[in-house]
Amino acid sequence: MLDTAPLQSRLLDHADHYARWSGLAIGVVLAQQLVTMESGDITTPLVFAITAFGLCAVGGVLLGDALTLRPQEAVRTASLAPRLVRDHVPPRIGPLLLLQAASLVSLLFMGAVTASYGADQADRAGRVMIVSCEGMSASLGPWPGLYYSGPMFAALAVGTPACVWALRRIAFGPGEYQQRRDRAWAIVGAWGLLVSSQVLLVVLMLLIALTEGECAGRLGAATIVAICPLGLLSVFTFGWSLVTVVAPRAVDDAVVNDGTFDDE
């Protein structure tokens with residue numbers, strides 16, 4: 001039997017998958033290029049590489065969602081309750097990602113406040129923290145001051161509102177529940193890649209800075225104990241986010257569809 005589906009439908013049927021995968025691929029290639037760029041230290045290329053990868057992942061998912069075909073016929077909605085954005089967000093991973101985002105902002109703010117801006121460290125302003133060690137000044141770095149955290153703040157400021165807008169568009173737009181669920185989870189996964197990768201980088205920077213010498217003190221030891229679980233959590237959420245972006249339907253859904261959001 002001949003395929004009578006419209007050409008546009010055949011071309012766009014899997015366009016969202018290709019856009020998501022292309023975003024990840026472009027992000028990996030761009031990150032590889034940025035890692036090898038010339039710089040005064042090895043941390044700056046990592047910051048730009050991870051930030052670019054996260055933004056490319058978000059951009060690919062948003063493009064794929066924009067290319068997703070919407071129902072062409074009239075849709076009768078039989079909803080027993082109004083749609084809410086939170087009903088389309090992963091119930092278990094969503095709060096963990098929000099916790100990570102809050103922790104990331106807190107760490108970046110702490111790093112910006114405590115980073116050194118002394119005149120004798122003008123070439124390293126925002127990259128290190130100056131501490132007193134046995135009566136002498138010592139620098140701990142790389143430190144997540146504004147020199148490093150600026151691009152991260154910018155990426156969050158761009159990616160977060162875009163993902164929130166897309167989730168609202170999905171929650172209140174047409175389509176079956178399963179389609180809306182897949183699209184929403186892919187967007188959450190892309191935002192999770194952006195957040196968890198940056199958390200991992202900040203945790204790594206702090207661990208290197210606080211363990212490379214003997215000047216971190218008790219406060220440094222307490223900071224290490226506090227951020228290690230956050231780093232392990234970020235490894236888990238990064239893996240979950242990556243799988244979700246690649247194949248959102250393959251991720252186990254803890255929410256049982258009870259018919260509340262069924263569209264006929």
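**Reading helix packing and the core**

Mentor: The crossing of α4 and α5 is left-handed. A crossing has that hand if the near helix is turned anticlockwise from the far one by less than a right angle, and is right-handed if clockwise. The model is predicted: local features need pLDDT of at least 70 and side-chain atom pairs pLDDT 80 or more, whereas totals for chains, interfaces and linings use all residues. Residues are numbered from 1 along each chain as its sequence is written, and side-chain values use heavy atoms, without hydrogens and water.

Trainee: How many helices and strands are in the chain?

Mentor: Elements are DSSP runs, with helices as H or I of at least four residues and strands as E of at least two, numbered from the N terminus. Here there are 7 helices and 2 strands, in the order α-α-α-α-β-β-α-α-α from the N terminus.

Trainee: At what angle do the axes of α4 and α5 cross?

Mentor: Axes are lines fitted to C-alpha atoms, for helices over the stretch in contact, and angles between N-to-C directions run from 0 to 180 degrees. For α4 and α5 the angle is roughly 150 degrees, and the axes come within 9 Å. That makes the two helices, α4 and α5, roughly antiparallel. The class comes from the angle: under 35 degrees is roughly parallel, over 145 roughly antiparallel, 65 to 115 roughly perpendicular, and the rest oblique.

Trainee: Which residues of α4 and α5 meet?

Mentor: A contact is heavy atoms within 4.5 Å. Leu104, Val105, Leu108, Phe109 and Ala112 of α4 meet Leu146, Ser149, Met152, Phe153 and Leu156 of α5. This contact has 9 nonpolar, 1 polar and no charged residues, where Ala, Val, Leu, Ile, Met, Phe, Trp, Tyr, Cys and Pro count as nonpolar, Asp, Glu, Lys and Arg as charged, and the others, Gly among them, as polar.

Trainee: How do α5 and α6 pack?

Mentor: Their angle is about 165 degrees, with the axes of α5 and α6 10 Å apart, and therefore α5 and α6 are roughly antiparallel. This crossing, too, is left-handed. Among the residues in contact are Met152 and Leu156 of α5 and Ile187, Trp191 and Val202 of α6. By class, the contact has 18 nonpolar, 3 polar and 3 charged residues.

Trainee: What is the angle for α4 and α7?

Mentor: α4 and α7 pack at about 130 degrees, with their axes 11 Å apart, and are therefore oblique to each other. Their crossing is left-handed. Leu97 and Leu107 are among the α4 residues that meet α7, and Phe236 and Trp240 are among those on the α7 side. The contact divides into 9 nonpolar, 5 polar and no charged residues.

Trainee: Which residues have the most contacts inside the largest nonpolar core?

Mentor: Such a core is a set of buried Ala, Val, Leu, Ile, Met, Phe, Trp, Tyr and Cys residues joined through side-chain atoms within 4.5 Å. The largest has 53 residues, and Trp143, Ile187, Trp191 and Val202 have the most contacts inside it. α6 gives the most to this core, with 18 residues. Beyond its neighbours within four places in sequence, Val202 is in contact with Leu104, Leu107, Leu108, Pro144 and Met152.

Trainee: Is Gly150 buried, exposed or partly exposed?

Mentor: Buried means under 20% relative accessible area, exposed over 50%, and partly exposed in between, with a 1.4 Å probe and protein chains only. Gly150 lies in α5 and is partly exposed, at 29%. Its C-alpha atom is 9.1 Å from that of Ala112, 38 residues away along the chain. Of the 264 residues of the chain, 43% count as buried.
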